[in-house]
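Dear colleague,

I am handing over the structure we spoke of, with some notes on what was found in it. Please read them with the coordinates open.

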Amino acid sequence: MAQLKASPVTAPSLHTTGVALRGKLSKVVLAYSGGLDTSVIVPWLRENYGCEVVCFTADVGQGIQELEGLEAKAKASGASQLVVKDLKEEFVSDYVFPCLRAGAVYERKYLLGTSMARPVIAKAMVDVAKEVGADAVSHGCTGKGNDQVRFELTFFALNPKLNVVAPWREWDITGREDAIEYAKKHNIPVPVTKTSIYSRDRNLWHLSHEGDILEDPANEPKKDMYIMSVDPEDAPDQPEYVEIGIESGLPVSVNGRRLSPASLLAELNEIGGKHGIGRVDMVENRLVARELESLTLDRETIQVKDSLALKYAELVYAGRWFDPLRESMDAFMQKITETTTGSVTLKLYKGSVTATSRTSPFSLYRQDISSFESGQIYDQADAAGFIRLYGLPMRVRAMLEHGI
C-alpha cells in the first residue's frame with residue numbers, strides 16, 4: 001500500500017524539559033530503526049545525558065531485511081541492548097482494522113499508515129521502559145513534524161511519569177547532512193548518502209517516502225520508490241478476481257480462506273502488488289467496506305458514519321489514538337457495523353480495482369420492493385403523498401412568490 005508524500009505539515013512545538021534532565025537520567029528506551037537519525041541518537045544520548053541506552057525496535061511489517069543486523073548495529077552505536085517485539089497482529093487488529101472499519105482517510109487522501117503505527121510503537125515503548133526499569137523514552141522525530149506529537153501524546157496517556165528526550169529539539173544537528181557527518185565521526189555505519197536523502201516509512205499497511213526530490217511537488221516520484229507494487233504498465237495482461245470475506249465490518253478471509261489480521265493484509269499486499277494496486281491515491285482501501293455497507297446500512301446511517309470518519313481520521317493523524325473521543329467514536333463504529341457481514345469480489349487489473357459482486361445475509365436490498373412492479377409491501381401510488389408532503393415547503397414558498 002505505497003503512498004508518497006511531501007514534507008509533513010508543521011505541528012505545534014511541545015514543551016520539553018530535555019536539557020534540564022541532563023545528568024539526571026539513568027536509562028532511556030530509544031525507538032530505534034537502525035536508520036540515520038536513531039543511529040546517531042544512541043551515542044548522542046550517552047554523551048549528553050550520561051545514561052544507558054536501550055534500543056527498541058517494533059516489527060510492524062516493515063520487512064525482514066530492515067530487521068537484519070539491527071542488534072549488532074545498535075550495540076556498535078553504544079546501546080546496552082536491543083529489544084525487538086513483533087507487533088504485526090496487534091498493529092493490524094487494534095489499529096489498522098478500526099480505522100478501516102471507520103473509513104478513516106485524512107483530508108480524503110492520506111491513509112494514515114504512519115499515524116496508525118506510531119501509537120502501537122509508543123505503547124510498546126512504555127511497556128519496555130517498565131520491563132527494563134527505564135526512567136525516560138526517546139524518539140528520532142524532528143521538531144517540525146507530526147510524529148513527535150503522536151509518540152509523546154501516547155507516552156502522556158499511558159505513563160505521564162516517563163521523561164521524554166527529543167534530540168532533534170535539542171542538538172546542534174540541523175539536517176541530514178550534519179547527521180551523516182556526525183555518524184562518520186563516530187564510526188557509525190548508516191544506509192544513507194548525501195546523494196540519496198529521503199525518509200522512508202514502511203509497515204504492513206503502507207510504504208511512504210518524504211524529503212529529497214519529493215520536497216518539490218512538481219517532481220515525479222522515482223519508479224524504484226514503489227517497492228510494494230509493480231508498475232501498472234508491467235502488471236499481468238489478465239485480470240485477477242479476489243473475494244474478501246467480512247464479518248461485522250472487518251475482513252476475515254481471502255478467497256474463502258480465513259486468515260489472521262496480519263496474514264490477511266500481507267496476502268492482499270502480495271495479490272494487489274502483483275497487479276500494481278495501491279499507488280498514491282489509495283481510495284481502493286475503503287472500497288471493499290463501502291461496497292458491503294451499501295447493502296447493510298441505510299442512507300442516513302452512511303452519511304453520519306462518513307461525517308464521523310473525517311473527525312476520526314483527524315484524531316488519528318494528530319496522535320490522539322488514546323483520546324476518549326476517538327475511543328467513543330470507535331464504539332459507535334463497532335456498533336453500526338455489526339451487520340456489515342458478507343463478501344465482496346474485486347477485479348484487479350493493471351492498477352485498477354472494480355467491485356464485481358457483493359453479498360450479505362443482512363442486506364437491506366429487497367428485489368420485491370425495488371422492482372418496478374407494484375407489490376404488497378410498496379405500492380407505487382404511495383409516492384404521490386410522499387412527494388406532496390416532501391415538497392410542501394417549496395410549494396408554499398412558490399405560492400408566496402406568485403401571490404397565490
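A salt bridge here is a side-chain nitrogen of Lys or Arg within 4 Å of a carboxyl oxygen of Asp or Glu; please also keep in mind that this is a predicted model. By that criterion Glu 90 forms a salt bridge with Lys 123, with the closest N and O atoms 3.3 Å apart, and the pair links helix α3 (residues 88–102) to helix α4 (residues 113–132) across 33 residues of the chain. Glu 90 is partly exposed at 24% relative accessibility, and Lys 123 is partly exposed at 27%.

The whole structure holds 22 salt bridges. One of them joins Glu 170 to Arg 22 at 3.2 Å between the closest N and O atoms; because Glu 170 lies in the loop between β6 and α6 and Arg 22 in the loop between β1 and β2, this pair ties together parts that are 148 residues apart in sequence. Glu 170 counts as buried, at 14% relative accessibility, whereas Arg 22 is partly exposed at 30%. Arg 118, Asp 147, Arg 150 and Asp 201, for their part, are linked in a network of salt bridges.

Turning to the sheet, five strands form an open antiparallel arrangement in the order β11-β10-β9-β12-β13; β11 and β13 stand at the edges with a single partner strand each, so one side of each is left without a neighbour in the sheet. Helix α7 (residues 261–274) packs on this sheet, touching β9, β10, β11 and β12, and its direction makes about 65 degrees with that of β10. A salt bridge between Lys 274 and Glu 240 (3.3 Å, N to O) ties helix α7 to strand β9.

Conventions
Residues numbered from 1 in each chain as written. Predicted model: local features only at pLDDT ≥ 70, side-chain atom pairs only at ≥ 80, totals over all residues. Heavy atoms only, no water. Pairing = 2+ DSSP bridges. Helix = DSSP H or I, 4+ residues; strand = E, 2+ residues; numbered from the N terminus. Contact = heavy atoms within 4.5 Å. Axes fitted to C-alpha atoms, helices over the stretch in contact; angles between N-to-C directions. Buried < 20%, exposed > 50% of the residue type's maximum accessible area, 1.4 Å probe, protein only.
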